[in-house]
Amino acid sequence: MPYVYAVLWLVIGFILIVKYRKESPIFYAAGGFFFFLGFWWGADAILAVDLFASPWVWILRAVSICVLLPLVIFYFKHYRDRSAQSGGGEEKH
């Protein structure tokens, strides 16, 4: 089963980079993160080391925080700028 997750993460990363790269550069970083997850899950399945046990899981968590936090901040700034350009979003009654 870990192989299925590894392939799933790699496919998602590939789709984000190839299909959605024209919409925003954020998808390069998100796709790269999914590639990282795919390789992490694949390495966990292949190696004799449990990469989801301490101390390895803390490395995964640190990388996840360092990647996802800037992605979320960039996404919300980008979303706010797009809604401001389109006239403020929904009309209030």
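**Figure 1. Aromatic pairs in the predicted model.** This predicted model holds 9 aromatic pairs. One of them joins phenylalanine 33 and phenylalanine 34.

**Figure 2. A cluster of linked rings.** Ring pairs tie Trp9, Phe33, Phe34, Phe36 and Trp40 into a cluster. How accessible is phenylalanine 33, and is it buried or exposed? Its relative accessibility is 8%. Buried means under 20%, so phenylalanine 33 counts as buried.

**Figure 3. Helix H1 against helix H2.** Helix H1 spans residues 2–19, and helix H2 spans residues 26–46. Their axes come within 7 Å. The crossing angle is roughly 165°. That angle is over 145, so H1 is roughly antiparallel to H2. The contact of H1 with H2 has 20 nonpolar residues and 5 polar ones. It has no charged residues. The crossing of these two helices is left-handed.

**Figure 4. Helix H2 against helix H3.** Helix H3 covers residues 56–85. The axes of H2 and H3 come within 10 Å. They cross at roughly 165°. H2 and H3 are therefore roughly antiparallel to each other. What is the hand of the crossing where H2 passes H3? It is left-handed.

Figure 5. Serine 54 and proline 55 are joined by a cis peptide bond. Omega there is about 0°. Where does proline 55 lie? Its place is in the loop between H2 and helix H3. Serine 54 sits in the loop between H2 and H3 as well. Serine 54 has a relative accessible area of 55%. That is over 50%, so serine 54 is exposed.

**Figure 6. A charge over a ring.** This view centres on tryptophan 58 and arginine 61. Arginine 61 lies over the face of the tryptophan 58 ring. The distance from the ring centre is 4.6 Å.

**Figure 7. Serine 83 and two separations.** Serine 83 belongs to helix H3. Its relative accessible area is 24%, and it is partly exposed. How far from serine 83 is serine 54, C-alpha to C-alpha? The two C-alpha atoms are separated by 43 Å. Along the chain, these serines are 29 residues apart. Leucine 10 gives another separation: 73 residues from serine 83 in sequence, and 32 Å in space between C-alpha atoms.

**Figure 8. Leucine 68 and phenylalanine 33.** Leucine 68 has its place in helix H3. At 38% relative accessibility, it counts as partly exposed. Phenylalanine 33, by contrast, is buried at 8%. In sequence, leucine 68 and phenylalanine 33 are 35 residues apart. In space, their C-alpha atoms are 8.5 Å apart. Phenylalanine 33 is also one of the residues in the ring cluster, along with Trp9, Phe34, Phe36 and Trp40.

Methods
Residues are numbered from 1 along each chain as its sequence is written. This is a predicted model: local features need pLDDT of at least 70, side-chain atom pairs count only at pLDDT 80 or more; totals for chains, interfaces and linings use all residues. Side-chain values use heavy atoms; hydrogens and water are left out. Axes are lines fitted to C-alpha atoms, for helices over the stretch in contact, and angles run from 0 to 180 degrees between N-to-C directions. Helices (H or I, at least four residues) and strands (E, at least two) are DSSP runs, numbered from the N terminus. Angles under 35 degrees count as roughly parallel, over 145 as roughly antiparallel, 65 to 115 as roughly perpendicular and the rest as oblique. A crossing is left-handed if the near helix is turned anticlockwise from the far one by less than a right angle, and right-handed if clockwise. Ala, Val, Leu, Ile, Met, Phe, Trp, Tyr, Cys and Pro count as nonpolar, Asp, Glu, Lys and Arg as charged, and the others, Gly among them, as polar. Rings of Phe, Tyr and Trp (its six-membered ring) pair if their centres lie within 6.5 Å; planes under 30 degrees apart count as stacked, over 60 as edge-to-face and the rest as tilted. Buried means under 20% relative accessible area, exposed over 50%, partly exposed in between (1.4 Å probe, protein chains only). A charge sits over a ring if NZ of Lys or CZ of Arg is within 6 Å of the ring centre and within 35 degrees of the ring normal.
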